[in-house]
Amino acid sequence: MAKAPKAVKPAVGGKSEAPALRYCSQPIQNPRQFDPAVDALRARAIIHGGKKWVNGTQLTYYCYKAGDAVPAAWRGKAADIKEVGAAFETWFKLGIGISFKAVSRPEDATIRIGFDPSDGSWSYVGRDILTIRDPQERTMNFGWALNTPYGRDTALHEIGHAIGLEHEHQNPFAGITWDTAAVKSYFAGPPNNWDMQQIDWNILRKIPPAEVKGTKWDPDSVMEYGFGPGLIVEPVAYRNGLNPKGGLSAADKAWIVESYPGVKPTETIPALEVGLSQKLAIKAGQTRVFNFKPKRTRTYRIGTFGTSDTVMVLFEVTPAGNVQIAGNDDSGSDLNARVDMRLINGRQYQIGIRLYYAEMAAETSIMVW
Ligand SMILES: [Zn+2]
């Protein structure tokens, strides 16, 4: 996540010369289970795309603040809330096909952010956030001040999780060999005070190749922790510590633009016509958006055809941005993605699709009828 400030020597082996850093500690998740009929290739494709949002999604967020009916410790200070907004803006400015919007009620927010200092910093990853539905539950927490260079990187890092990124030091391509005893002793100690499960989940565990950002390790990623000396054994170059540059790396920026391509000014979004199927013409992992403007008010069915695993989301286009009104994820099942919804004449809708897997990608199509 962030650069370990040079002045700080983490307390390795119990000898603390300066206060050690606090690190992001992710909630432990059970791996997704698939039906035995789903072969390894297909399961891998679903896992790879499964946490990403579809293009066109507007991610609404809410920062708990004074007066909210949540534990007092969750309520953020204005200075920290401002940094959260700035970090969303930094990601958004890269020209991407998803957007972020602060809303005024937690009930309207997909991402709900607390600021409990006793709970560290963490966020659910990508579409896993949708499993946390209670407006009085957090999907992200910040455990320290955000208006410092370390805090600003923390804000970018947690939002990185929210849009689908995992920890970069757990990338199996990093080839990191840890001094396991030193790692355990460091993170079990203050100020992190993690238990062995948290240490394993957030540091020692290697993330399955299907879930990582790319095929190469990016030590400068905002999703990489800075580590003090004595924790990494291999690669040898990092024995004296690892210090990411800070901010978003070139590979972070490339990843998000590839995962959520923005619509270029010269590009028109294709429109769907009732009863006419259109080929998706996308490869596994890619996302695409279609416009639909109903000429009559009635219930429409929108569906995909072909042997494929997709997530499909229906949005209404409003002056305040896209509002998700329905969604369907058919991954790992024999069903196709299908949404039935009453749509109003004169309103504008968008359908976002992410293709996880297709037996014959060219033959997957979408239709509204
Ligand atoms: Zn993290």
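Biologist: Where in the chain does Asn193 lie?

Modeller: Asn193 sits in the loop between helix 4 and helix 5. Keep in mind that this is a predicted model.

Biologist: Is Asn193 buried or exposed?

Modeller: Count C-beta neighbours. Asn193 has 12 of them inside 10 Å, so Asn193 counts as exposed.

Biologist: And what about phi of Ala281?

Modeller: Phi of Ala281 is near 50°, again a positive value in a residue other than glycine. Ala281 belongs to the loop between strand 8 (278-279) and strand 9.

Biologist: Which residue is joined to Pro235 by a cis peptide bond?

Modeller: Glu234 is, and omega is about -5°. Pro235 lies in the loop between strand 7 (232-234) and helix 6 (250-259).

Biologist: How do helix 4 and helix 5 pack?

Modeller: Read the angle and the axis distance together. Helix 4 and helix 5 pack at about 115°, and their axes are 10 Å apart. Their crossing is right-handed. Helix 4 brings Thr180, Val183, Lys184, Phe187 and Ala188 to the contact, while helix 5 brings Met196, Ile199, Ile203 and Leu204. By class, the residues of this contact are 7 nonpolar, 1 polar and 1 charged.

Biologist: At what angle do helix 2 and helix 3 pack?

Modeller: The angle is about 60°, with the axes 9 Å apart. Helix 2 and helix 3 are therefore oblique to each other. The crossing of helix 2 and helix 3 is right-handed. On the helix 2 side, the contact is made by Glu83, Val84, Ala87, Phe88, Thr90 and Trp91. On the helix 3 side are Gly151, Arg152, Ala155, Leu156 and Ile159. The contact of helix 2 with helix 3 has 7 nonpolar, 2 polar and 2 charged residues.

Biologist: Now the sheets. What holds the strands of a sheet together?

Modeller: Strands pair through backbone hydrogen bonds, in a parallel or an antiparallel sense. Here, 5 strands form an open sheet in the order 2-1-3-5-4, with mixed pairing. Strand 2 (99-102) and strand 4 (122-123) are the edge strands, and each pairs on one side only.

Biologist: Which helix packs on this sheet?

Modeller: Helix 2 (residues 78-92) does, touching strand 1 (58-63), strand 2 and strand 3. The direction of helix 2 makes about 160° with that of strand 2.

Biologist: In which sense do strand 3 and strand 5 pair, parallel or antiparallel?

Modeller: Strand 3 (residues 111-114) and strand 5 (residues 140-141) are parallel, over 2 bridges. Gly114 stands opposite Asn141 in strand 5.

Biologist: How many bridges join strand 9 to strand 14?

Modeller: There are 6 bridges, and the two strands run antiparallel.

Biologist: What joins strand 11 to strand 12?

Modeller: A hairpin does, through 2 residues. Strand 11 (residues 308-318) pairs with strand 12 in the antiparallel sense over 8 bridges. Glu316 faces Val323 of strand 12 in this pairing.

Biologist: How many helices and strands does the chain have?

Modeller: The chain has 6 helices and 15 strands. Of its 369 residues, 42% are buried.

Biologist: What share of the contacts join residues at least 24 apart?

Modeller: Take the contacts between residues at least 6 apart in sequence. Among these, 76% join residues at least 24 apart.

Methods:
Residues are numbered from 1 along each chain as its sequence is written. This is a predicted model: local features need pLDDT of at least 70, side-chain atom pairs count only at pLDDT 80 or more; totals for chains, interfaces and linings use all residues. Two strands pair if DSSP finds at least two bridges between them. Helices (H or I, at least four residues) and strands (E, at least two) are DSSP runs, numbered from the N terminus. A residue is buried if 20 or more other C-beta atoms lie within 10 Å of its own, exposed if 12 or fewer, and partly exposed in between; C-beta atoms are placed from the backbone. Two residues are in contact if their C-beta atoms, placed from the backbone, lie within 7 Å. Axes are lines fitted to C-alpha atoms, for helices over the stretch in contact, and angles run from 0 to 180 degrees between N-to-C directions. Angles under 35 degrees count as roughly parallel, over 145 as roughly antiparallel, 65 to 115 as roughly perpendicular and the rest as oblique. A crossing is left-handed if the near helix is turned anticlockwise from the far one by less than a right angle, and right-handed if clockwise. Ala, Val, Leu, Ile, Met, Phe, Trp, Tyr, Cys and Pro count as nonpolar, Asp, Glu, Lys and Arg as charged, and the others, Gly among them, as polar.
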